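Hi there,

Here is the structure I promised to hand over. Please have a look at it first, and then read on for my notes.

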Amino acid sequence: MNYQWYPGHMTKAMRMMQENIQWIDLIIELVDARVPLSSRNPDIDTLGKGKSRIILLNKADLADEAANQAWMDFYRRKGFHVLEVNARSGQGVGKMNGLVQEACRDKIERNKKRGIVNRPMRAMVVGIPNVGKSTFINSFAGKACTKTGNKPGVTKGKQWIRLNKNLELLDTPGVLWPKFEDPRTGMLLAFIGSINDDILISEELAVDFLRSVSGRYGSLIQQRYGIGSLENPATVLEEIALRKCLVRKGGEPDINRASQLLMEDYRSGKLGRITLEWPGEDQ
Ligand code: G4P
């Protein structure tokens with residue numbers, strides 16, 4: 001199946017980021033912990049040259065803990081400041097202030113030397129659609145935040161959320177679109193639900209998913225649905241349908257509904273914590 005999909009409004013989002021980057025000290029980039037490579041757009045490295053950088057492995061609750069650790073090491077080795085978070089529950093978000101201070105240390109020192117002491121660092125949250133940017137901003141900013149109003153020079157309508165005396169956050173997150181240079185990227189993003197399901201064929205998606213995860217995480221699928229061999233994905237879907245009483249008139253297994261159920265169970269975490277790509281793996 002061809003998973004490539006380009007929405008039309010992405011250049012506008014990139015323009016918003018380009019216009020605002022000059023005001024930013026720190027980029028807080030969210031990636032999906034289940035696909036920490038495919039869910040990032042490397043163009044941000046060009047856009048964010050010279051800025052302090054944080055990478056958040058968001059939705060860490062849905063990803064394999066060992067993989068989270070491996071990816072944090074991977075990005076740290078590349079010079080990023082890294083944290084695993086669950087923006088929905090707020091887990092990990094408490095460590096943000098410390099991490100921001102660490103990431104911005106050089107800039108704060110430079111400011112001090114120039115006599116600038118009380119200027120808060122300014123951050124922008126960026127990431128691909130659905131990665132959890134709004135949830136994170138709400139969680140991080142909490143209820144205590146106050147909008148500071150438009151600042152001169154900043155694109156009209158943009159506002160800064162004052163988090164504390166040290167940090168202000170641009171209230172509009174930067175939306176990036178992932179790069180589809182590798183056909184596998186689109187497929188992995190479809191698995192996590194970041195590509196509109198309406199344009200995908202459920203059964204083909206589920207078959208590709210089973211092929212991708214059966215090796216490492218087969219036991220999770222077997223346990224959840226009480227099935228044996230995973231060798232033939234089409235048979236697996238039939239078995240899921242029968243086990244879950246998803247049948248058509250006449251008793252035929254409803255493969256389409258079984259496929260949708262499998263993907264829903266994966267995306268909601270019911271299937272277990274499954275990471276789809278690991279550092280160093282042939283992507
Ligand atoms: P965006 O601004 O980057 O587009 O993403 P948004 O915050 O809207 O989050 C997309 C979905 O991901 C939301 O679910 C949100 O609750 C969920 N989410 C965000 N962070 C986490 C996380 O760390 N763990 C988990 N498990 N889920 C997370 P939704 O179903 O679209 O909305 P809702 O029902 O939660 O409101």
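This is a predicted model: local features need pLDDT of at least 70, side-chain atom pairs count only at pLDDT 80 or more; totals for chains, interfaces and linings use all residues.

Let me start with the ligand. It is surrounded by 15 residues, and Asp 61, Asn 130, Lys 133, Ser 134 and Thr 135 are the closest. The side chain of Asp 61 has an N or O atom 2.9 Å from a nitrogen atom of the ligand. On the side chain of Ser 134, an N or O atom is 2.6 Å from a ligand oxygen. Gly 132 takes part through its backbone, where an N or O atom lies 3.0 Å from an oxygen atom of the ligand.

Now to the helices. Helix 8 (residues 202-225) and helix 10 (residues 255-268) have axes that come within 10 Å and cross at roughly 60°, which makes helix 8 oblique to helix 10. Their crossing is left-handed. Among the residues making this contact are Phe 209 and Leu 210 of helix 8 and Leu 261 and Tyr 266 of helix 10. By type, the contact residues are 10 nonpolar, 4 polar and 4 charged.

Helix 8 also meets helix 9 (residues 233-243): the two axes come within 9 Å and cross at roughly 65°, so these helices are roughly perpendicular to each other. This crossing, too, is left-handed. The contact includes Val 207 and Arg 211 of helix 8, together with Val 236 and Ile 240 of helix 9. Here the residues divide into 8 nonpolar, no polar and 3 charged.

Definitions and conventions:
Residues are numbered from 1 along each chain as its sequence is written. Side-chain values use heavy atoms; hydrogens and water are left out. Axes are lines fitted to C-alpha atoms, for helices over the stretch in contact, and angles run from 0 to 180 degrees between N-to-C directions. Helices (H or I, at least four residues) and strands (E, at least two) are DSSP runs, numbered from the N terminus. Angles under 35 degrees count as roughly parallel, over 145 as roughly antiparallel, 65 to 115 as roughly perpendicular and the rest as oblique. A crossing is left-handed if the near helix is turned anticlockwise from the far one by less than a right angle, and right-handed if clockwise. Contact means heavy atoms within 4.5 Å. Ala, Val, Leu, Ile, Met, Phe, Trp, Tyr, Cys and Pro count as nonpolar, Asp, Glu, Lys and Arg as charged, and the others, Gly among them, as polar. A residue is near a molecule or strand if one of its heavy atoms lies within 4 Å of it. A polar contact is a pair of N or O atoms within 3.5 Å; within protein, one must be able to donate a hydrogen and the other to accept it, and residues adjacent in sequence count only if both atoms are side-chain atoms.
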